[in-house]
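Please read the points below with the model open beside you.

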Amino acid sequence: MGNPKAFLNIPRQEAGYRPVHERITDYSEVEQTLNTGERKLQASRCMDCGVPFCHWACPLGNRPPEFQDALCKGDWRKAYEILSITNDFPEFTGRICPALCEKSCVLKLSIDSPVTIREDEAAIIEAAFREGYVIPKKYERNGKKVAVIGSGPAGLAAANQLNRRGYEVTVFERDEMAGGLLRYGIPNFKLGKNIINRRLQIMEDEGIIFKTNENIDLEHLPEGFDAYAICTGTPQARDLKIPGRELSGIHFAMEILAQQNRILAGQDIPEKDRISARGKHVLVIGGGDTGSDCIGTSHRQGALDVTQIEIMPKPPVGYNPATPWPQWPVVLKTSSSHEEGCTRRWSLNSNKFIGKNGKVTGVEVEEVEWIPAADGGRPTMKPTGKKEIIKADLVLLAMGFLKPQLPELPKNAVVAGDAATGPSLVVKCIAAGRNAAKEIEKMFDN
């Protein structure tokens, strides 16, 4: 530990976001970064706890005390080496992870001021690329071939780990470019696609084969492979089947998010097929991260205004006694997109879509109450009869995704990531991909 008293006199300092008036005019990453000196000071706040709960909380088992110690001492190479032992893609998690580690940091639990673990992680990997520490390596082959179906975070992690173990890996992706959710689900203002391309180039240079525009039928897996990693994610969004659903102007969140990312990548999408918020009253149904991404995208497209509604009640600010540590804290989250301007409302159920001439013009919503269950289980929703119509020219459905129903798979196939668990976090998918590689290796150990 570089400075055992740093946490007492050095306050938490976040890099923050670019000014709102500037960032809503482009799709560049909104998050800023600290200079090297400030970053080292932030790393010095890590107390090297006797029981580091950050290890336990991280699905990857990252080791923040170790890489923070190296970082605060200025040994960026060592910090990178420690970080890369457990995390295949710190450049992804360092940008978009909700930082479960920080929610369990002793400084969070004691003074509500955790170490900036996520930002430090991002700084370490960017320094590693900048200084040339991240270079392609060649691995001795073991004669076995593995097909990875899907190139999202789970698929990429599985491919990376299998390749390092000597397998000849081919990744099949149904879209035109690899990356899955990272490329087509997360806006550029949170994760620049150059970051994905940079990592994919390293993986290709290390021998991984990527085949895009390959929509694999899971009941007829490609032949010629000794094992398969099924990492197809959760492609089916949860729908809102209420009267008026057939009206134009109602879209799944992923439709607008994926299309906008394709446009930014230079793809030519005809004007008639484009989903645009320009000059429109936008209503986002769903209060999670995907809904937040729709808000930020709508602002950049030129929306008149944006409203986000959520069927669940508004969570508390800061601390929620109903979800004490070690539970995930269900508290009000204000994202960079929310800061850009958004009316947020809770405890609203959508009854029907309102339209004119085949186009949506609004949504009838109704206030609901949530009655706690006597046995502590799921509360019951009670309509109140208080109804109103929210004006909307564009409605974006961001209510999550359905766990896929997979066919019976051969014994040499392993399912990982969202395809196995239903929708989760990028960091959990990376961990699942790493575990899938271990499971496949066990197949050949017996």
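1. On a 1 Å grid over the protein atoms alone, a pocket is an open set of points with protein on both sides within 12 Å along at least five of seven lines, whereas a cavity is a set of points where a 1.4 Å probe fits but cannot get out, and lining residues have an atom within 4 Å of a point. This is a predicted model, in which local features need pLDDT of at least 70 and side-chain atom pairs count only at pLDDT 80 or more, while totals for chains, interfaces and linings use all residues. Residues are numbered from 1 along each chain as its sequence is written, and side-chain values use heavy atoms, with hydrogens and water left out.

2. The second largest pocket has a volume of about 310 Å³. It is lined by 17 residues, and those closest to its centre are Tyr 80, Ser 84, Tyr 133, Lys 137 and Arg 164. Helix 6 gives the most to this lining, with four residues.

3. The whole structure holds five cavities of 30 Å³ or more. The largest cavity has about 120 Å³ of space, and among the 13 residues of its lining, Asn 62, Cys 97, Ala 99, Cys 101 and Glu 121 are the closest to its centre.

4. The second largest cavity contains about 90 Å³ of space, and of its 13 lining residues the closest to the centre are Cys 46, Cys 49, Cys 54, Cys 105 and Val 106.

5. Trp 56 lies in helix 4 (residues 53–57), and is exposed (over 50% relative accessible area, with a 1.4 Å probe and protein chains only), its own value being 53%.

Key: Helices (H or I, at least four residues) and strands (E, at least two) are DSSP runs, numbered from the N terminus. Buried means under 20% relative accessible area, exposed over 50%, partly exposed in between (1.4 Å probe, protein chains only). Grid points are joined across faces, edges and corners, and a volume is the space filled by probe spheres set on the points.
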